[in-house]
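Me: Could you help me read this structure? I would like to go through its side-chain contacts one by one.

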Amino acid sequence: MTSTAHHDERIAKMTFASVYPHYVTKVEKKGRTTEELHQVIEWLTGYDEETLKVLIRDKVTFETFFKTATLNPNVHLITGVICGYRVEEIENPLTQQVRYLDKLVDELAKGRKMEKILRGPENR
């Protein structure tokens with residue numbers, strides 16, 4: 001799916017710190033923990049909890065957040081629809097990465113088992 005240049009630019013300039021509290025609220029409201037959220041973020045990006053704190057404190061944009069991340073080699077296994085977009089069809093790499101994160105947070109909030117969220121050969 002194609003998105004507009006304006007949409008992609010808006011996502012790139014958005015700060016991770018502005019969205020992170022919404023992720024926390026979403027998962028906690030559904031009975032999941034911040035620790036589980038961090039586990040999901042670490043699986044996707046390689047960022048540990050201390051690094052996340054620094055990225056939040058420094059108010060990095062999603063562009064910087066994903067530019068310095070080490071994406072999980074199984075990220076291509078994230079499929080499905082989030083925010084009206086089929087993640088595997090998003091053409092802009094940064095927008096796709098942000099939607100990958102949104103999809104994982106959504107799955108966590110919906111009660112999906114952690115083994116299924118953290119995709120890997122043993123979890124297929």
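Reply: Let us begin with a definition: rings of Phe, Tyr and Trp form an aromatic pair if their centres lie within 6.5 Å. This is a predicted model, and the structure holds seven aromatic pairs.

Me: How is the pair of F16 and F62 arranged?

Reply: F16 and F62 are edge-to-face, with 85° between the planes and 6.0 Å from centre to centre. The pair links distant parts of the chain, since F16 belongs to helix α2 (residues 16-29) and F62 to helix α5 (residues 62-67), 46 residues apart.

Me: Are F16 and F62 buried or exposed?

Reply: Both F16 and F62 are buried.

Me: And how do F62 and F66 pair?

Reply: The rings of F62 and F66 are stacked, 6.2 Å centre to centre and with 20° between the planes. Both residues lie in helix α5, four residues apart, which is about one turn of the helix. F62 and F66 are both buried.

Me: Which residues do the ring pairs link into a cluster?

Reply: The cluster consists of F16, Y20, Y47, F62, F65 and F66.

Me: Changing topic, how many salt bridges are there?

Reply: The count comes to 10 salt bridges. Side chains of opposite charge can pair when their charged atoms come close.

Me: What joins D102 and R99?

Reply: D102 and R99 form a salt bridge, their closest N and O atoms being 2.8 Å apart. The two residues are three apart in helix α6 (residues 93-109), so about one helical turn separates them. D102 counts as buried, because its relative accessibility is 12% and buried means under 20%. R99 is also buried, with a relative accessible area of 10%. Salt bridges that share partners also join K26, D106 and K110 into one network.

Me: What about E88 and R86, are they buried or partly exposed?

Reply: E88 is partly exposed, with a relative accessible area of 35%, and R86 is partly exposed at 33%. These two residues form a salt bridge as well, with the closest N and O atoms 2.9 Å apart.

Me: Which residue does R32 meet in a salt bridge?

Reply: The partner of R32 is E36, at 3.1 Å from N to O. R32 is buried, with a relative accessible area of 14%.

Conventions: Residues are numbered from 1 along each chain as its sequence is written. This is a predicted model: local features need pLDDT of at least 70, side-chain atom pairs count only at pLDDT 80 or more; totals for chains, interfaces and linings use all residues. Side-chain values use heavy atoms; hydrogens and water are left out. A salt bridge is a side-chain nitrogen of Lys or Arg within 4 Å of a carboxyl oxygen of Asp or Glu. Buried means under 20% relative accessible area, exposed over 50%, partly exposed in between (1.4 Å probe, protein chains only). Rings of Phe, Tyr and Trp (its six-membered ring) pair if their centres lie within 6.5 Å; planes under 30 degrees apart count as stacked, over 60 as edge-to-face and the rest as tilted.
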